[in-house]
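Trainee: I have a new model open and I'd like to learn how to read it. Could you walk me through it step by step?

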Amino acid sequence: MPRVYYRQDACERFARKVAHGSGDECWEWQGAVRADGYGAFCVRTGNLSLAHRFGYELGRGPIAEGMTLDPLCRNRRCVRTDHLEAVTLAENKRRGMSANAINARKTHCDHGHEFSPTNTRIGQNGWRQCRMCKRLVDARARASRTPEQVQATRDYMRAYHLRRRQERPATLH
Ligand SMILES: [Zn+2]
Ligand SMILES: [Zn+2]
């Protein structure tokens with residue numbers, strides 16, 4: 001995939017305006033935001049004026065003619081390449097009316113937790129997942145396990161790591 005090269009100063013200016021979330025969180029644009037919610041970024045050369053498009057091109061290469069970017073995280077200020085997918089306008093429109101999109105317009109999960117950038121993770125299917133709910137489910141799963149089950153997992157993990165250590169060659173070339 002060919003990459004797009006922008007002048008160093010444009011890239012640096014861009015990078016300074018992005019708040020990088022940790023892990024799989026959004027990378028939020030901190031600069032000017034247009035009325036439609038998308039970040040605005042002006043490059044002197046070329047006609048790009050949208051922050052997320054600039055971010056995508058930096059990371060993945062040129063966006064093909066007629067393609068639009070769909071923010072899978074539904075966060076229009078997000079410029080993170082792997083949260084953006086290049087789709088045709090028709091596809092974007094279709095998605096806008098799908099069950100997924102209707103779901104995506106919800107600001108809170110079914111349990112009332114806000115889909116804030118830090119509380120939202122994007123699953124492999126592109127759906128938003130509530131971190132708070134995940135934590136609660138995990139905690140509940142842990143709490144409902146018997147001591148025997150906990151011990152069995154611990155034994156399994158120990159055996160696994162032991163096996164891995166034995167399989168690993170003593171010297172690496
Ligand atoms: Zn995002
Ligand atoms: Zn939730």
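Mentor: Take tyrosine 38: leaving aside neighbours within four places in sequence, tyrosine 38 is in contact with Leu50, Ala51, His52 and Arg76. This is a predicted model, where local features need pLDDT of at least 70 and side-chain atom pairs count only at pLDDT 80 or more, while totals for chains, interfaces and linings use all residues. Residues are numbered from 1 along each chain as its sequence is written, and chains are lettered from A and ligands numbered from 1 in the order in which they are written.

Trainee: What is the mean pLDDT of the chain, and where is confidence lowest?

Mentor: pLDDT is the predictor's confidence in each residue, from 0 to 100. Here the chain has a mean of 82, with 90% of its residues at 70 or more. Confidence is lowest in helix 4 (residues 99-104), at a mean of 70, and highest in strand 2, at 93.

Trainee: How many helices and strands does the chain have?

Mentor: Helices (H or I, at least four residues) and strands (E, at least two) are DSSP runs, numbered from the N terminus. This chain has six helices and six strands, and along the sequence they run α-β-β-α-β-β-α-α-β-β-α-α.

Trainee: Back to tyrosine 38: is it buried or exposed?

Mentor: The rule is a count: a residue is buried if 20 or more other C-beta atoms lie within 10 Å of its own, exposed if 12 or fewer, and partly exposed in between, with C-beta atoms placed from the backbone. Tyrosine 38 is buried, because 20 other C-beta atoms are within 10 Å. You'll find tyrosine 38 in the loop between strand 2 (27-29) and helix 2 (51-60). Its C-alpha atom is 6.8 Å from that of leucine 50, which is 12 residues apart from it along the chain.

Trainee: Which residues have the most contacts inside the largest nonpolar core?

Mentor: A nonpolar core is a set of buried Ala, Val, Leu, Ile, Met, Phe, Trp, Tyr and Cys residues joined through C-beta atoms within 7 Å. The largest one has 17 residues, and those with the most contacts inside it are Val18, Trp27, Ala51, Cys73, Cys78 and Val79. Strand 2 and helix 2 are the elements giving it two or more residues, and helix 2 supplies the largest share, three. Setting aside residues up to four places away in sequence, alanine 51 touches several residues, including Trp29, Tyr38 and Val79.

Trainee: Which residues is isoleucine 122 in contact with?

Mentor: Beyond its neighbours within four places, isoleucine 122 is in contact with Asp24, Leu72, Cys73, His83 and Arg128. Isoleucine 122 sits in strand 5 (residues 120-122) and counts as buried, because it has 21 C-beta neighbours inside 10 Å.

Trainee: What is phi of arginine 74 near?

Mentor: Most residues other than glycine have a negative phi. Phi of arginine 74 is near 65 degrees, a positive value. Arginine 74 lies in the loop between strand 3 (67-71) and strand 4 (84-88).

Trainee: How many residues of helix 6 are buried?

Mentor: The number is zero of 21, so helix 6 (residues 147-167) lies largely in the open.

Key:
Contact = placed C-beta atoms within 7 Å. Expected span 1.5 Å × (residues − 1).
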